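Good morning, and thank you for coming.

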Amino acid sequence: MATQSSAAVISATSAAGRVESFPDSKKPIGSVRFQPLRLSLSYCKSGNMSSRICAMAKPNDVETLSSSSSVDMSLSPRVQSLKPSKTMVITDLAATLVQSGVPVIRLAAGEPDFDTPKVVAEAGVNAIREGFTRYTLNAGITELREAICRKLKEENGLSYAPDQILVSNGAKQSLLQAVLAVCSPGDEVIIPAPYWVSYTEQARLADATPVVIPTKISNNFLLDPKDLESKLTEKSRLLILCSPSNPTGSVYPKSLLEEIARIIAKHPRLLVLSDEIYEHIIYAPATHTSFASLPDMYERTLTVNGFSKAFAMTGWRLGYLAGPKHIVAACSKLQGQVSSGASSIAQKAGVAALGLGKAGGETVAEMVKAYRERRDFLVKSLGEIEGVKISEPQGAFYLFIDFSAYYGSEAEGFGLINDSSSLALYFLDKFQVAMVPGDAFGDDSCIRISYATSLDVLQAAVEKIRKALEPLRATVSV
């Protein structure tokens with residue numbers, strides 16, 4: 001199984017001939033001629049961002065729009081209210097640095113470094129060769145929906161018919177359509193923090209109000225049932241749970257989910273959107289429990305899963321929703337007006353992926369073994385750094401690390417570090433390590449590291465992180 005290994009650390013020579021580059025990785029970023037990056041200048045106007053990073057940005061179309069224009073080019077309030085994804089911002093910044101000849105260790109994107117399993121890729125190739133390249137049923141090909149039903153029955157103890165399954169262009173589309181289908185203006189969507197960056201914005205797209213419930217690193221970022229109960233009102237419509245979690249890697253034990261289910265049962269309007277995309281990336285003794293399998297939760301639960309993470313199929317764009325027939329039908333109606341069915345080629349590949357065996361068989365087990373080795377290395381290595389707090393993840397491929405002991409530091413040649421965004425930019429600007437600030441996930445004390453890359457890359461990243469924090473110790477008490 002091929003991995004990208006140390007290729008994730010991009011050599012400056014990869015950009016040769018296109019931009020001016022320097023072989024010395026310590027060359028100041030400000031010395032490189034950057035291609036303009038489509039980022040809003042609002043990221044830089046706070047005064048806390050590196051001027052060298054901000055020099056890469058250019059005003060977006062709204063910011064450069066001439067006030068004298070005779071054409072109304074304004075955007076809708078709905079779109080303007082959305083926050084841009086900081087995951088994409090950092091990823092784009094890192095990509096621009098790489099294109100400009102700066103070697104960057106990229107730990108921002110949540111994308112497996114493994115290739116799609118060969119038998120799965122071949123199924124997609126065969127679909128093309130055999131002419132299976134036309135529109136499919138909007139809900140997905142019957143063969144795939146039947147395979148999903150078998151998977152849910154055998155692995156999750158859930159019985160669904162094919163008309164209770166909707167295949168979409170990735171789990172993100174499945175999530176959004178579910179939120180749009182069940183939420184009305186004024187409804188509240190309950191979201192434990194830290195949360196995946198899109199949950200709050202998807203709620204806003206439905207004209208619903210996101211109600212964020214903070215969790216604690218000392219409790220492994222798990223939702224406290226008492227906190228949940230205190231936030232529920234007659235407006236509460238949807239609780240979004242993600243286990244294993246992005247960004248924390250936390251896994252909800254069955255006993256805790258049962259406590260949450262008992263609370264939900266008291267509220268007739270409250271549904272649960274269970275994001276289980278990282279289901280197979282889990283480290284024993286932790287185990288996965290599908291929320292819909294709990295007593296009285298089947299009719300209340302919309303289960304979302306997909307192929308991107310476990311099967312290393314991010315580019316194939318394939319996810320699915322399972323739930324009550326009338327809600328799935330409503331989501332299908334939405335999809336019919338938005339994108340129609342998922343790629344016919346990707347769907348054939350999905351059938352092959354589900355044919356690998358329970359939980360992806362040995363193929364996925366090998367990937368999980370590698371992720372666990374990387375997790376263990378990072379927990380040990382970063383845990384030795386003074387002032388750093390870590391909750392050991394039980395699943396997924398992320399570490400959500402508390403660096404807040406270093407806030408308040410003044411970094412020479414950079415400026416004040418007073419939050420997760422400025423610290424993440426400091427790591428990127430001065431030490432060429434790209435990570436995502438925790439405020440994107442609703443917890444400004446932390447930074448997310450994706451360890452979906454090789455061990456040698458992670459070793460290099462740890463050394464850079466140590467060097468980055470070393471000069472800050474003189475100005476902060478840890």
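I begin with a definition: a residue is called buried under 20% relative accessible area, exposed over 50% and partly exposed in between, with a 1.4 Å probe and protein chains only. This is a predicted model, in which local features need pLDDT of at least 70 and side-chain atom pairs count only at pLDDT 80 or more, while totals for chains, interfaces and linings use all residues. Residues are numbered from 1 along each chain as its sequence is written, and side-chain values use heavy atoms, with hydrogens and water left out.

Let us start with one residue. Val-433 has 0% relative accessibility and therefore counts as buried. Val-433 belongs to strand β14, residues 433-434; strands (E, at least two residues) and helices (H or I, at least four) are DSSP runs numbered from the N terminus. What is Val-433 in contact with, leaving aside its neighbours within four places in sequence? The partners are Ile-105, Leu-107, Ala-424, Phe-427, Leu-428 and Lys-464, where contact means heavy atoms within 4.5 Å. Ala-461 is 28 residues from Val-433 in sequence, and their C-alpha atoms are 6.6 Å apart.

Five of its five residues are buried, so β16 is largely enclosed by the rest of the structure. Cys-446, Arg-448 and Ser-450 point one way from the strand, and Ile-447 and Ile-449 point the other way. Two strands pair if DSSP finds at least two bridges between them. Strand β11 (residues 398-402) runs antiparallel to β16 and is joined to it by five bridges, with Leu-399 opposite Ile-449. Strand β15 (residues 436-437) is also antiparallel to β16, through two bridges, and Val-436 stands opposite Arg-448.

Finally, the largest pocket. Its volume is about 1,000 Å³, the space filled by probe spheres set on grid points joined across faces, edges and corners. A pocket here is an open set of points on a 1 Å grid over the protein atoms alone, where a 1.4 Å probe fits, with protein on both sides within 12 Å along at least five of seven lines; lining residues have an atom within 4 Å of a point. Of the 41 lining residues, Ser-85, Lys-172, Trp-196, Val-197 and Ser-198 are the closest to the centre. Helix α8 gives the largest share, six residues. Domain 1 (78-109 + 362-470) and domain 2 (118-358) both contribute to the lining, so the largest pocket lies between them; the bounds come from an automatic or database domain assignment.
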